[in-house]
Amino acid sequence: MSSSSRSRVLDLYKRLQYLGREYPGGPEKFRQKCYNAFKRQSGESDPEKIQRAINLGEYVVKEIQALYSLRKYRAMKKRYYDDK
């Protein structure tokens, strides 16, 4: 694995760990799933497969951010537009 892809993988892992703090189901469950996913791919040496895995990880980061944004929007909507 090249130095640049290694740093990208570590950055992705750190971002996922940070985003997992507020994940529904608990942060510990998210951390364990994230760790297992990275551990499964740790022996990969093909640059194309590594790039594909990084792209998938980036997609997951965006999905988690969208989930959090939706949760915030729903909470705000519930506060101001209470359906009675």
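How much of the chain over residues 8-59 is helix, and how much is strand? Over residues 8-59 the chain is 75% helix and 0% strand, with the end C-alpha atoms 14 Å apart.

## The model and its annotation

This is a predicted model, in which local features need pLDDT of at least 70, side-chain atom pairs count only at pLDDT 80 or more, and totals for chains, interfaces and linings use all residues. Residues are numbered from 1 along each chain as its sequence is written, and side-chain values use heavy atoms, with hydrogens and water left out.

UniProt lists residues 8-59 as "domain: Complex 1 LYR protein" in an unreviewed entry. Its positions follow the numbering used here, feature names are shortened, and annotations may be inferred rather than shown by experiment. Helices are DSSP runs of H or I with at least four residues, strands are runs of E with at least two, and both are numbered from the N terminus.

## Salt bridges

Let's turn to the charged pairs. The whole structure holds four salt bridges, each a side-chain nitrogen of Lys or Arg within 4 Å of a carboxyl oxygen of Asp or Glu. In one of them, D11 meets R15 at 3.4 Å, N to O. These two residues are four apart in helix α1 (residues 3-19), so about one helical turn separates them. D11 is partly exposed at 40% relative accessibility, and R15 is partly exposed too, at 29%. For these classes, buried means under 20% relative accessible area, exposed over 50%, and partly exposed in between (1.4 Å probe, protein chains only).

R31 is partly exposed at 34%, whereas E28 counts as exposed at 54%. Through salt bridges that share partners, D11, R15 and E58 are joined into one network.

E22 and R71 also form a salt bridge, their closest N and O atoms being 2.9 Å apart. This pair links distant parts of the chain, as E22 sits in the loop between α1 and α2 (27-40), while R71 is 49 residues away in helix α3 (residues 47-80). E22 is partly exposed at 41%, and R71 is partly exposed at 37%.

## Aromatic pairs

Two aromatic pairs turn up in the whole structure. Rings of Phe, Tyr and Trp (its six-membered ring) pair if their centres lie within 6.5 Å; planes under 30 degrees apart count as stacked, over 60 as edge-to-face and the rest as tilted. Y13 and F38 are edge-to-face, at 4.9 Å centre to centre with 75° between the planes. Because Y13 lies in helix α1 and F38 in helix α2, the pair ties together parts that are 25 residues apart in sequence. Y13 is partly exposed at 25%, as is F38 at 23%.

The rings of Y23 and F30 are tilted, with 4.9 Å centre to centre and 40° between the planes. Y23 is partly exposed at 31%, whereas F30 is buried at 10%.

## The largest pocket

The largest pocket contains about 720 Å³ of space. It is lined by 23 residues, and those closest to its centre are C34, A37, F38, Q41 and A53. A pocket here is an open set of points on a 1 Å grid over the protein atoms alone, where a 1.4 Å probe fits, with protein on both sides within 12 Å along at least five of seven lines; lining residues have an atom within 4 Å of a point. Grid points are joined across faces, edges and corners, and the volume is the space filled by probe spheres set on the points.

Helices α1, α2 and α3 each supply at least two residues of this lining. By class, the lining has 16 nonpolar, three polar and four charged residues. Ala, Val, Leu, Ile, Met, Phe, Trp, Tyr, Cys and Pro count as nonpolar, Asp, Glu, Lys and Arg as charged, and the others, Gly among them, as polar.
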